[in-house]
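Here is a short note to read with the model open beside you. Take the points in order and find each residue as you go.

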Amino acid sequence: MDTPLSTIAVVGLGTMGTGIAEVLALAGREVIGIDISEAAARQAVASLEASTARAVGRGRITEQERADALARFRTHDTLQAAAEAELVIEVVPETYEIKQQVFRELDAVVSPTAILATGTNALSVTRLAAESLHPERVLGLHFFNPAPAMKLVEVVSSVLTAPPAVEAVTKLARELGKEPVAVGDRPGFVADGLLFGYLNQAAAMYEANYASREDIDAAMKLGCGLPMGPLALLDLIGIDTARTVLEAMYAESRDRLHAPAPVLGQLSSAGLTGRKAGRGFYTYDAPGGQAVVPDALTPSAGAVAGTGREITSVGVAGSGTMASGIAEVFAKAGYAVVLAARGQEKADLAKGRIAKSLERSVGKGRLTAEVRDETLARITAAGTLDAFAEVDLAVEAVAEDLEIKQQFFATLDKVCRPGAVLATTTSSLPVIAIARATGRPEDVIGMHFFNPAPAMKLVEVVRTVLTADDVHATVRAVCTKIRKHPVDCGDRAGFIVNALLFPYLNNAIKMVEEHYASLDDIDAAMKLGGGYPMGPFELLDVVGLDVSLAIEKVLHKEFRDPGLAPAPLLEHLVAAGCLGRKTGRGFREYARR
């Protein structure tokens, strides 16, 4: 197997196969493209011609490099064409029967030293290898879509795979400009193993009518910095493909989080498989199209039930980073703001933090000195909640403890004028339990800002079963005025973002506990393969392991799903005082400031 892998066959010329062929041809490999469909082969050639032409237009390659790459790509309609290949990569439909047939035929065609790679992301590489005459040369080579752009390649070994085969394809991946990650054989591997559980939960959330498809997708993009929302991503992947992956994952894990949401089966059975069909969770301009077009589920612009209350002044309670950030946001938007803390000194310190933040914005050219001064002048620091007597909206941003918040709202109930809207910024506690601490639960709502509040665009608007329509309308309107994107969600643990994010983080920890992959490989896989701005362990250390554990416990208590139980490793690190960046050690160690 000590070959340069200069001639490579790609079996299956769909979107993924064509993308892999492009990567190989541009990297100087002779590429044998094989597909039983002449139409697919013609489309692959056309796609390669078009994509390389765009690359020339953008100055990424020269016209000569384009011509050379196109000359290196030949298409055929039979596996016999793979006879001279040193590596064969199959990306045929995701079923054992089809893939096993391909491997059986390749055994009779290729050299005994040729490496056979499956592009599966859901099926057992070991099972496929066992059907081969030479199982030691079979492995997984999982590219991500679109293959020319995505850097991650998962190199999957079975218990039968010979190390030289792994070394050869790992070297190839690096020569292609990719980042190879070595993983063992289990459904989903690293990236899809974490990604598809999250996508499945998002589908189940939509199916339960907890939130609209638009709000679920906007929440994950704006709240987590993801390149696509989960439902739009399912449409891109293919809802039938996602269901196949989840079925394979569930068959092995028996984790309810991997049991395909029924809506995936319903859409698949109806032929509504996503972009390729022109309709899935969303409706597209054409089969294979990218542009979303309005349909019966598309919300009307600005449609909110009820007429809102007038808001001219806002009270923000708390002295921490979140409270000062929220106060800054309201003041920038032109509201008169009362920033109240426990004591005048803490209130003044919080206002001082805002002044420093505004000064940094001036230094970066984002604000003028005049706007800075006007914003700061709108903020009054107060050492007592009595200063909230005349505010139209009171926003609580104190400690994430139910008893503390209930006591706080009982006080707001006495201090604030009748008709004032009372909002909590809780990220995990039941808003109704906080509302019932007042004599006016209809005036209470959740406004979950994200940290840092001045930068993050998302606000989860959480209405309880008692929240008045005009209160909901008021908060939606206020969010728009302060230039935030409101998403509606019901009053249950985690709301949208945390309910989808933290089980994903918890599953990443379980991967490490099971010695399936390293911290670095998992972080790299999710950044390079999923487009995440941070890997799960980077994010856990930033959020704080104690905060993460508390949210996991709340989710587990609410939904009673064994798969949501906090990973023991997370509990052990918190017990040891390893809470992440703030303590200098979490999943990784950090230099003390």
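1. **Terms for the pocket.** On a 1 Å grid over the protein atoms alone, a pocket is an open set of points with protein on both sides within 12 Å along at least five of seven lines, where a 1.4 Å probe fits; its lining residues have an atom within 4 Å of a point. This is a predicted model, in which local features need pLDDT of at least 70, side-chain atom pairs count only at pLDDT 80 or more, and totals for chains, interfaces and linings use all residues. Residues are numbered from 1 along each chain as its sequence is written, and side-chain values use heavy atoms, with hydrogens and water left out.

2. **The second largest pocket.** Which residues lie nearest the centre of the second largest pocket? They are Met322, His448, Asn451, Val543 and Val547, out of 38 lining residues. Helices here are DSSP runs of H or I with at least four residues, strands are runs of E with at least two, and both are numbered from the N terminus.

3. **Its volume and make-up.** The second largest pocket holds about 1,200 Å³ of space. Here a volume is the space filled by probe spheres set on the grid points, which are joined across faces, edges and corners. The lining has 25 nonpolar residues, 10 polar ones and three charged ones. Nonpolar covers Ala, Val, Leu, Ile, Met, Phe, Trp, Tyr, Cys and Pro; charged covers Asp, Glu, Lys and Arg; the others, Gly among them, are polar.

4. **Aromatic pairs.** A pair of aromatic rings is described by the distance of the centres and the angle of the planes. Rings of Phe, Tyr and Trp (its six-membered ring) pair if their centres lie within 6.5 Å; planes under 30 degrees apart are stacked, over 60 edge-to-face, and the rest tilted. By this rule there are five aromatic pairs. One of them is Tyr206 with Phe281, edge-to-face, at 5.5 Å centre to centre and 85° between the planes. Tyr206 is in helix 7 (191–207), while Phe281 is in the loop between helix 11 (262–269) and strand 9 (283–284), 75 residues apart. Both residues are buried, where buried means under 20% relative accessible area, exposed over 50%, and partly exposed in between (1.4 Å probe, protein chains only).

5. **A tilted pair.** Why is the pair of Tyr504 and Tyr532 called tilted? The ring centres of Tyr504 and Tyr532 are 5.2 Å apart and the planes stand at 40°, so the pair is tilted. Tyr504 sits in helix 18 and Tyr532 in the loop between helix 19 (519–530) and helix 20, 28 residues apart. Tyr504 is buried at 4% relative accessible area. Tyr532 is buried too, at 9%. Elsewhere, Phe330, Tyr335 and Phe449 form one aromatic cluster.

6. **Charges over rings.** A charge sits over a ring if NZ of Lys or CZ of Arg is within 6 Å of the ring centre and within 35 degrees of the ring normal. Arg186 lies over the face of Tyr516, 4.2 Å from the ring centre. Arg492 has its charged end over the ring of Tyr210, 4.0 Å from the centre.

7. **Cysteines.** How many disulfides does the structure hold? The count is zero, a disulfide being a pair of cysteine sulfur atoms within 2.5 Å. For Cys479, the closest cysteine sulfur is in Cys489, 11 Å away, which is too far for a bond. Cys479 is buried, with 0% relative accessible area.

8. **Backbone points to check.** The peptide bond from Asn145 to Pro146 is cis, with omega near 0°. Pro146 is in the loop between strand 6 (138–143) and strand 7 (152–157). Another cis peptide bond joins Asn451 and Pro452, with omega about 0°. Pro452 lies in the loop between strand 16 and strand 17 (458–463).

9. **Positive phi.** Phe189 is not a glycine, yet its phi is positive, near 55°. Phe189 is in the loop between strand 8 (179–184) and helix 7, and is buried at 0% relative accessibility. His515 also has a positive phi, of about 60°. His515 is in the loop between helix 18 and helix 19, and counts as exposed at 73%.
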